[in-house]
Amino acid sequence: MKAARTHGRGGPEQIFFEDTPLPEVRRGDVLVQVRATGITPAELTWDETYRNADGTPRIPGIPGHEVSGIVQGMAADVTDFRIGDEVYGLADFPRDGAAAEFAAVPAINLALKPRSIPHVQAAALPLSALTAWQAFFEHAQLAAGQSVLIHGGAGGVGSLAVQLARWRGARVAATASARNAAFVHSLGAEVVIDYHATPFEDSLREIDVVLDTIGGETRSRSWRVLRKGGVLVTLVSPIPAGEAEQNGVRGVFFIVSGNRGQLDRISALVDGGTLKPVIAEVLPLARAREAFEHGAANHAPGKIVLQIAA
């Protein structure tokens with residue numbers, strides 16, 4: 001099969017479009033004919049991109065962990081899908097991903113694709129939508145009437161987080177560049193702060209939940225906008241011990257995991273018109289290196305998607 005493969009740690013320059021063997025279908029796996037995969041530029045910095053679950057190296061390796069495609073086969077112990085089913089989901093991180101014509105994905109990480117959208121749009125959802133869902137509803141226990149600050153409201157995770165928080169009935173504030181402010185408002189944010197022009201901590205107070213997709217100084221400044229007992233959920237790096245407690249709040253760092261039940265609920269929201277994937281750019285698989293270059297350099301709203309087949 002054709003695939004985009006990383007040949008060493010580094011940036012997009014390490015990605016090559018080439019022939020590679022079909023993936024191994026292990027116990028519990030579904031073999032998916034990939035129609036599209038969403039990419040996350042930061043995955044080129046993850047250890048899991050270059051190592052197996054047991055710590056052994058995996059180079060060359062295949063990136064891309066958001067998959068949408070057609071069931072082509074499955075392990076003998078998988079009984080919940082049929083050949084020809086249209087599915088989407090999250091490929092495991094410490095295994096080859098979906099920037100290829102075929103991918104082996106654990107069945108428990110897959111769900112039936114939303115009926116109302118094509119594969120290219122569905123591929124923009126799994127990692128980002130599951131991340132936002134788990135951040136708000138598992139870790140922050142977000143409830144209607146609460147206030148939320150979402151950093152990077154126009155990004156792959158942020159654009160879906162704004163929509164999910166609004167659906168839950170929260171009051172949504174977000175940071176974004178001035179050029180993306182109207183777009184983020186259109187997703188459901190009541191307040192959009194231009195992070196280039198205005199320190200968000202100067203105008204926000206008593207926030208119930210902060211979703212941090214940026215890290216660094218942004219995370220450090222976010223403690224002061226939370227109410228006592230509020231929660232900051234960060235996607236970037238672990239929070240130093242005691243830092244949240246010193247600010248009288250709760251801090252959570254987590255890594256997203258596959259979840260069929262949550263994907264089913266996300267599909268229902270998409271098919272009901274409540275949740276819309278946001279696509280920054282669609283490129284063919286052969287231009288995977290370029291896609292990662294664009295993702296690292298640009299700040300267009302939404303996700304970059306590689307289209308493998310029509």
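**View 1. Aspartate 208 in strand β11 of the predicted model.** Aspartate 208 is found in strand β11, which covers residues 207-212, and with a relative accessibility of 12% it counts as buried, because buried means under 20%. Leaving aside residues up to four places away in sequence, aspartate 208 touches Gln146, Ser147, Leu226, Arg227, Gly230 and Val231. With one of these, arginine 227, there is a polar contact between the two side chains at 2.4 Å. Lysine 2 lies 206 residues from aspartate 208 along the chain, and the C-alpha atoms of the two are separated by 47 Å.

**View 2. Helix α7, residues 260-271, and what covers it.** The 12 residues of α7 reach 16 Å from the first C-alpha to the last, close to the 16 Å expected at 1.5 Å a residue. Gln262, Leu263, Ile266, Ser267, Leu269 and Val270 are buried in this helix; seen down the axis of α7, they fall within an arc of 160 degrees, so they line one face of the helix. What covers these buried residues includes strands β5 (86-90) and β7 (110-112) together with helices α2 (126-139) and α3 (156-168).

**View 3. The largest pocket.** This pocket holds about 1500 Å³ of space, and among its 45 lining residues the closest to the centre are Thr40, Ala42, Gly156, Val157 and Thr213. Elements that each supply at least two residues of the lining include α2, α3, β9 (171-176) and α5 (216-222).

Key:
Residues numbered from 1 in each chain as written. Predicted model: local features only at pLDDT ≥ 70, side-chain atom pairs only at ≥ 80, totals over all residues. Heavy atoms only, no water. Helix = DSSP H or I, 4+ residues; strand = E, 2+ residues; numbered from the N terminus. Expected span 1.5 Å × (residues − 1). Buried < 20%, exposed > 50% of the residue type's maximum accessible area, 1.4 Å probe, protein only. Arc of directions from axis to C-beta. Contact = heavy atoms within 4.5 Å. 1 Å grid on protein atoms, 1.4 Å probe; cavity = no way out; pocket = protein on both sides within 12 Å on 5 of 7 lines; lining within 4 Å. Points joined across faces, edges and corners; volume = space filled by probe spheres on them. Polar contact = N/O pair within 3.5 Å; in protein donor to acceptor, adjacent residues only side chain to side chain.
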